[in-house]
Amino acid sequence: MPVNAAWKLGALLAAVTISLPLHAQEPAWPSRTIVIVVATSPGSAGDIYSRLYSQKISEVTGWRFVVDNKPGAGAILGTTFAARSAPNGHTLLNASSSMTTAPILYKNLSFDPVKSFTAITLLSNAPSMLLVRTGFPAKTLQEYVAYVKANPGKVNFGTTGIGSIAHLTGFQLHRILGLEVTYVPYKGPADIANAIMSGEIHTTLGAMTVNIPMVKAGKASILGVSTLARNRMIPDVPTLSEAGAQGFEHDAWTGLVAPSAVPAAIINRLSSEFQKAGRHPDIVQKLAPTGQLFGGSSPEEFQRLIVRETERWKALAREVNLEPQD
């Protein structure tokens with residue numbers, strides 16, 4: 001082969017060899033701002049955690065975050081938006097138990113809580129509290145039971161929508177106690193807290209994170225906590241189970257998920273950074289007074305929780321013959 005031709009062939013092969021890895025490389029991530037969709041209103045537990053953790057991660061990594069609140073329809077609106085987003089790791093969802101109730105509410109959902117998302121990590125796991133507004137004629141669960149039985153359907157219980165997690169846990173609690181209340185829907189936990197303080201509703205089952213400040217301000221009283229063990233922040237308050245609602249248990253959890261098909265490398269990186277943020281002394285100190293529990297979780301552990309919760313509410317719906325709407 002002529003020298004000139006050989007030289008050209010060698011140069012061509014070298015160019016191809018050099019260019020292959022460049023074309024095979026994945027685009028840098030994150031390449032732009034990461035959006036965390038929160039399907040509840042500002043001031044909710046998911047909103048608080050999303051802002052707190054993302055701010056800490058930004059300080060460490062330089063990543064940019066923005067929290068996008070999309071409340072409505074018992075968290076269906078925001079969850080649907082996140083499920084339809086491109087699976088590139090730039091749109092995430094702060095999910096809660098509300099996501100797992102969706103299949104029992106609607107027949108034609110555009111997302112599935114298990115199949116449409118990839119779990120990243122559990123952000124928080126906090127007890128709920130049965131709250132009554134100041135002036136309500138009950139200071140204990142037993143007194144609450146007596147009053148509601150004497151006034152069936154006249155006590156207003158705040159929820160985040162019919163069929164939402166707040167409604168279902170409230171329904172389950174009152175079913176155990178043999179009580180009839182009226183369920184009043186609101187857009188989010190902060191709206192329910194305002195309704196308690198203004199006197200629009202009498203009671204709700206709300207997360208400690210959102211409602212402890214209201215209790216400390218004397219605007220509401222706690223009749224019991226939803227975990228099977230008493231909470232270390234309020235050890236004098238009995239669990240609802242020990243106070244009379246035997247076997248009742250509920251944890252108000254929030255976690256981070258991404259649309260399905262996001263690459264595993266991105267999922268694992270996000271999980272690692274959010275877990276590290278949750279263990280940072282600044283965040284531990286801020287969250288300690290709320291009584292919530294945080295230890296983080298692997299994507300696999302969080303995925304198993306989502307599956308368990310989804311099956312739990314499907315079973316309850318079958319038990320009470322709750323039919324999904326069109």
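**Figure 1. Leu177 and its neighbours.** Leaving aside residues up to four places away in sequence, Leu177 touches Leu141, Val145, Lys149, Gly244 and Ala245, where contact means heavy atoms within 4.5 Å. This is a predicted model, in which local features need pLDDT of at least 70 and side-chain atom pairs count only at pLDDT 80 or more, while totals for chains, interfaces and linings use all residues. Residues are numbered from 1 along each chain as its sequence is written, and side-chain values use heavy atoms, with hydrogens and water left out. Leu177 sits in helix H6; helices (H or I, at least four residues) and strands (E, at least two) are DSSP runs, numbered from the N terminus. With a relative accessible area of 11%, Leu177 is buried (buried is under 20%, exposed over 50%, partly exposed in between, using a 1.4 Å probe and protein chains only). One of the touching residues, Lys149, is 28 residues from Leu177 in sequence and 9.7 Å away in space, C-alpha to C-alpha.

**Figure 2. His167, also in H6.** Helix H6 covers residues 165-177, and His167 is found there. His167 is buried too, at a relative accessible area of 11%. Not counting residues up to four places away in sequence, its contacts are Thr159, Gly161, Ile162 and Tyr183.

**Figure 3. H6 against H12.** Two packed helices are described by the angle between their axes and the distance between the axes. For H6 and H12, that's about 55° and 12 Å; the axes are lines fitted to C-alpha atoms, for helices over the stretch in contact, and angles run from 0 to 180 degrees between N-to-C directions. The pair is therefore oblique (under 35 degrees is roughly parallel, over 145 roughly antiparallel, 65 to 115 roughly perpendicular, and the rest oblique). The crossing is left-handed, so the near helix is turned anticlockwise from the far one by less than a right angle; clockwise would be right-handed. Look for Ile165, Leu168, Thr169, Gln172 and Arg175 in H6 meeting Arg312, Trp313, Leu316 and Glu319 in H12. Sorted by type, the residues of this contact are four nonpolar, two polar and three charged. Here Ala, Val, Leu, Ile, Met, Phe, Trp, Tyr, Cys and Pro count as nonpolar, Asp, Glu, Lys and Arg as charged, and the others, Gly among them, as polar.

**Figure 4. H4 against H12.** Helix H4 (residues 97-105) and helix H12 (residues 299-319) have axes that come within 8 Å and cross at roughly 45°. That makes H4 oblique to H12, and the crossing is right-handed. H4 brings Ser97, Met99, Thr100, Thr101, Pro103 and Ile104 to the contact, and H12 brings Ile306, Glu309, Thr310, Trp313, Lys314 and Ala317. By type, the contact residues are six nonpolar, four polar and two charged.

**Figure 5. Two nonpolar cores.** A nonpolar core is a set of buried Ala, Val, Leu, Ile, Met, Phe, Trp, Tyr and Cys residues joined through side-chain atoms within 4.5 Å. The largest has 26 residues, and Tyr53, Leu92, Leu270 and Phe274 touch the most other members. Strands E1 (34-38), E2 (65-69), E4 (117-133) and E9 (251-259) each give two or more residues to this core, as do helices H2 (45-61), H10 (264-278) and H11 (281-287). A second, separate core of 21 residues includes Leu173, Leu177, Ala243 and Phe248.

**Figure 6. Helix H7 and its cover.** Within H7 (residues 189-198), the buried residues are Ala190, Ile192, Ala193, Ala195 and Ile196. Their cover includes E4, strands E5 (156-159), E7 (203-207) and E8 (220-225), and helix H8 (208-216).

**Figure 7. Ser124 in strand E4.** Ser124 lies in E4 and is buried, at a relative accessible area of 1%. Ser124 and Thr209 are 85 residues apart in sequence, but 10.0 Å apart in space, C-alpha to C-alpha.

Figure 8. Most residues other than glycine have a negative phi, and most peptide bonds are trans. Ala261, in the loop between E9 and H10, has a positive phi, near 85°. At 59% relative accessibility, Ala261 counts as exposed. The peptide bond from Trp29 to Pro30 is cis, with omega near -5°, and Pro30 is in the loop between helix H1 (3-24) and E1.
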